[in-house]
Amino acid sequence: VLRVNTATPGSILNETYSAAVRSVTWFATFALLERLLWTNRSRVLALTTGIVALLCNLCVSGGIGFPSVAGLLWVAVALALNAAALRPTPWLSRAGAALILPLPIFLGLFLGYGVYILYPVLASDGLVREAVQAVAYYQNEKNKPPSEQSPGIRDHPDRFLQIGVINRLNQAAQLTPDDARIYVQLAWGTHILWGLSQQKSFRELPIAEKALRYGMKATQLDPRGGAGYWVQYQIRIDYAKINERNAEQLRKVHGDPVAINDREYTARQQYKLAAQTLETYLPNDPHEAILRYALWWAWSQGGDTEKARPHAQEALYLDGLVTMPARKLTDSQRKQIEEWIHTVDR
């Protein structure tokens, strides 16, 4: 029940099966442990070890926010105290500042940990979850016919994304500014918002530039993580395609040749910048066929055949080596590269 709260509709069935398996495992575990003979000393030692392990985990995770975790923690503490043979300790009965000071020191450290570490992480995690749920709701509504969509998304999708997604992610980024994943989500959200604005104007670039800055921030925080590079790549590819479509529209209406050339030049430059972005990431994953395909596509669309050819050949070579479907090229991608190589070789 607790996990379904944050599950997507498509994963509820899997969560149900997992819960069933966990239930059987738990019952079997209790049946086994009930048959063991525990001394008070061994029980206290086992419970104390579990409590320490759980507290260490809670220092780096947000699990304390779930009753299923916090409740079991206090149950374990109660059982450990109940099993221990507690006797008055003489040195604790003596008065003295040395016996009183540890308590306020511990409380101060605990308060500092809660205010400066635990609360920001938990609050940021909650905001990110809300933003992800808002994105899922937005995508679900967009798949419906316009007459069945909620008024807020049908009439003001940009406002919904700004308030429900981007503002929450910005708050999360302020709480945990070193989390690269938040900036990746911000880049995607701002990119979608920019896509909506393109319906009004082809020259509305500040939003796109902000999305790119978020992607760059993600790569600065996590230089070896691919998500930040991929989001920048996709933003530049989409902008290049918009300029290509605009040039084609101008050509159909016999538009200004200077404006047409300007759109085509901008498109080629964006393809090249997209390729350069992935080139920066390439050393971290040089044996990925799909990455090589993306590099070939961007360089070829940018008009640089010399840089595109090695990536095309490497993509086909790596595709022939791997067997995992997720790392292989699709049939259409493979056919694209083969036809391109055949064309440039003629």
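Me: How many aromatic pairs does the structure hold?
Reply: This predicted model holds ten aromatic pairs, one of them formed by Trp230 and Tyr233.

Me: Why is the pair of Trp230 and Tyr233 called edge-to-face?
Reply: The planes of the two rings stand at 80° to each other, with 5.6 Å from centre to centre; because centres within 6.5 Å make a pair and planes over 60 degrees apart count as edge-to-face, the name applies. Both residues belong to helix 11 (residues 226-252), where they are three residues apart, about one turn of the helix.

Me: Which residues touch the most other members of the largest nonpolar core?
Reply: In this core of 27 residues, they are Tyr233, Leu278, Leu295, Trp296 and Ile337. Two or more residues come from each of helix 11, helix 12 (257-281), helix 13 (289-301), helix 14 (305-321) and helix 15 (331-345), with helix 13 giving the largest share, eight residues.

Me: Which residues is Leu278 in contact with, leaving aside its neighbours within four places in sequence?
Reply: Leu278 is in contact with Tyr229, Trp230 and Tyr233, and also with Leu291, Ala294 and Leu295.

Me: Which residues are linked into a cluster by ring pairs?
Reply: The cluster joins Tyr293, Trp296, Trp297 and Trp340.

Technical notes: Residues numbered from 1 in each chain as written. Predicted model: local features only at pLDDT ≥ 70, side-chain atom pairs only at ≥ 80, totals over all residues. Heavy atoms only, no water. Phe/Tyr/Trp six-rings, centres within 6.5 Å; stacked < 30°, edge-to-face > 60°. Helix = DSSP H or I, 4+ residues; strand = E, 2+ residues; numbered from the N terminus. Core = buried A, V, L, I, M, F, W, Y, C linked by side-chain atoms within 4.5 Å. Buried < 20%, exposed > 50% of the residue type's maximum accessible area, 1.4 Å probe, protein only. Contact = heavy atoms within 4.5 Å.
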